[in-house]
Structures are given as structure tokens and as C-alpha cells.
Amino acid sequence: MSQKFALILLVMLVLSACVGTQSMLVEDQPLKGINITIDPGHGATQAYDSFRIGQTGEREEWINLRVAKILSRKLTLAGANVLMTRTKDRDVSLGGRASMAIGHHSDLFVSIHHNGSVNDPSMDLPIVYFYGSGDMNPASVDFAKILIDSMRAEMAFQQQQAGAVYSDHLIYSSGTSVLRNTIDDMPGVIGEGGFFTNPSGEGRLKSKAYNKLEAEIYYKAILEYFDRGTPSATCLLPDSLEFIDLLRPIEFELDDGFGNTFFVENSFKVLQGGVQIQSNWDSNLGILTATPDSSFKKSVSFQVFARNLQGNAIHPIPFTFLTKAGYEWLSHEKWLEAFDEAEILYSQVIQSNGSSGSMEVDTLDSALHLYQLSLELQIVHPKARIAEEKILELLMKKQALVEDDLSGEIEAQQSRIKEYYPD
Ligand SMILES: [Zn+2]
């Protein structure tokens, strides 16, 4: 129990001794002010999906929803603002789930799933997934570890100790859609509380009492995670700034989650475009000052890492700025430069040919963005048709790499080319 939590408890005990139990109920909201998105995986797939089903007919999406509903009630009682991405047996698109979580300004994203194995019904263990690499996503890993520890300690599995925390890049080379699309805004995990393809696993997962136990485990993990405080960094640059001067140091104000500046020594790190730059921590001021690499061309993004004394890491939300050159480039309508840069990235995507996972998706997204930018900057330009066709090609390539449903975007781009650029 943290000191702060103990103090709150003491104050509440004193208060309840004075004025009865009423204030105890009102004050006992450890998650007050915290926004959480609970995402019960899948939904309404019964008509066409013969995979997400156990031997006696229990479906994953039903289990997910039952656990999520119990968890949501518990979190709400504890004062959290809970958003459920679905509350019925219906499907919600993966992109829609991520947008909802971002719109809710979530402090944590928890996607509830259960596992299936087509070829090995003996599999019976819990898994918690985080996005990408542990180094780059430390806060999600912090929560994932708390969760897997209590799953292993308190739930029943045939391979109890085999339960583990894994990167979602082990499932898809570019990670899972919901975690990839929420990573820039909040920490998040996908929890797989056992296998419905295991006969005894299915038996347990069908039981309301076991669903309740699982919800209780998520609940306690969430309480413990937020009890450790969620440290954060704020970039000290005026909001009105149109571009960043990379010749000047950049400052971040850090909070350990308790309004203080107590962090683990040597846990500080600032990345610029994914590469570590020099930084210096002033514990008296609570300011981390970094020296940027001034060679960046048009835009630049920084991420701050540090860990508080309770063991929680900052979720490294990127701070993205235009450079002076980038600002001038955008304001002077340099469509050709955008197009040329898109062409360079396009050829990198073509050369890599599905080999390098999330790196390729990042490059592909940048190329898409630049082709689109060239068309925004100059609505009709001599290479517009090429840009439109490359956009279509990249969308189709992206569809093969990620599990998001891009069919709407692809169709729209096909008809755009057909209608606006007749042969
Ligand atoms: Zn699932």
C-alpha cells in the first residue's frame, strides 16, 4: 500500500468515525477522475465464424462481454469514468474501438479476449499482449505484468506457470489494430484469460462465478496500477508556437503521478525520432532538459521516458512539432517536394516487400500522407494521377499487412480515380 493510499484510508477512517459511514461510501472512490476504456473483443460473429467457439458451443465474444460488463460495474463503483466499446453481442470495427478510446481521453485501454488454438486443445494458459517493444512501451508492460501475475496466482489453468506477457508483434508483424491505433494516446493491453478451445477451460469460462473471478482480477490489477501513480511529462513550449527551433534546448516538466518529482535515478531518457538524445534532469525544478538533434528536416517528434519510485513508467506519448523548414514548406505550397519525398518512401516500401513489419507500415503511412499532402497543396498538379494511383496501391499493400478493414477507403479511392481521371 502506498503512503498516499494509507493516508487517505486513515483520513477516511477518522471521517467515518466522526460522521458515520456515509462519507466512507462517498470518499471510497480510488479511481475517481480516471478514464478507462474496456473493449470486449469481437461480437456478433456467430453467423460466419466457426473458429471462436469451444467444443460445447461457448463463443469467445460472449465470454469477453460477460467479463467486461462485471468489470465495468466494479470500476464505475470505484469512481472511474468507464467507456465500453460494446455492451451487446454486436460487432464494432477495430478502428472504431480505437477512436472511441481516444475520444474518451482514456488513461488505460483494456481489451478483453480469450484464446483459441485450432490444432492444440491442450493449451490452457493466460497471455497478456502489449504493442511493439517493451522498451518503447513501458507503461503498458507495467500494467500487463501486474495483470498476468494475478491471473497466474488466482485463476485456474492447466499450464499455470506458462502464462506470460508478450508483444503483439508475435501475432501480426505490425501489431494488433486496437493497440497500434491507441499507442500514441494511452497505455493498453489485450488480456487473454485462458483458452476456450481447451475442454476444461471452456467449462470454467462458461461459469458466471469464474467470469466474476476474472473480472475481479482485472479490477484489482487496475487498482494496483493506478495506486502506483501514473507519471507524466509536459512539453514546456507555448501552444501558439508554429514551429520548433532545434538549435535551442527543449524542456519537459515531469510529475511522478503524486504531484511530486520523485523518479528512479537513471530512468530518464528522451528520444527524438526514435533515437536517444542527450538530456539532463534537474530534480529541484522537476525539469528534464534535452538537446535536440538539429539536422531534422520537416517535422520532429520527442518521447520522454522515466519511472517513478512506485515502479510505474511514463507512457511515452509523442510530442510532434514542425521544424522551421517544415513550416515554410507547408506554408509555401511545395507540392512537388511532397510528391518527390513520397516517391522515395514508395520505392522503399516496394523494395522491402513485406519483410520488416511495423517499420514498413510506418514508411507506407508516411508515403500515403505525402502523396495526399501533394494533392492538398496543389489540387491539380501534373503528377496528380500518379499520386492517386500510388495511394490506391499503397492502401491495398497496407491491407495485406494490417488486420484493419480498409475496404471502404480502397473502394473510395478506386471510384475517385475512375470518376475524376477518365482514361
Ligand atoms: Zn479474441
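Predicted model: local features only at pLDDT ≥ 70, side-chain atom pairs only at ≥ 80, totals over all residues.
Contact here means heavy atoms within 4.5 Å.

Helix H12 comprises residues 384-401. Along H12, the buried residues are Ala384, Ala387, Glu388, Lys390, Ile391, Leu392, Leu394, Leu395, Lys398 and Leu401. Among the elements that cover these buried residues are helix H10 (335-352), helix H11 (358-377) and helix H13 (407-420).

At the level of the whole chain, the division is into domain 1 (1-30), domain 2 (31-227), domain 3 (232-321) and domain 4 (333-420). Between domain 2 and domain 4, the C-alpha centres are separated by 33 Å. Eleven residues from domain 2 and seven residues from domain 4 take part in their contact.

The interface of domain 2 and domain 4 buries about 660 Å², with carbon and sulfur atoms contributing 49% of that area. On the domain 2 side, the residues that lose the most area to domain 4 are Ser173, Ser174 and Arg180, which together account for 50% of what that side buries.

Polar interactions also cross this interface: two residue pairs are in polar contact between domain 2 and domain 4, both at pLDDT 80 or more. The rule finds one salt bridge across the interface. Arg180 forms a salt bridge with Glu403, and their closest N and O atoms are 3.7 Å apart. This pair qualifies because a salt bridge requires the side-chain nitrogen to be within 4 Å of the carboxyl oxygen.

Conventions:
Residues numbered from 1 in each chain as written. Heavy atoms only, no water. Helix = DSSP H or I, 4+ residues; strand = E, 2+ residues; numbered from the N terminus. Expected span 1.5 Å × (residues − 1). Buried < 20%, exposed > 50% of the residue type's maximum accessible area, 1.4 Å probe, protein only. Domains from an automatic or database assignment. Buried area = accessible area lost by both parts, 1.4 Å probe. Polar contact = N/O pair within 3.5 Å; in protein donor to acceptor, adjacent residues only side chain to side chain.
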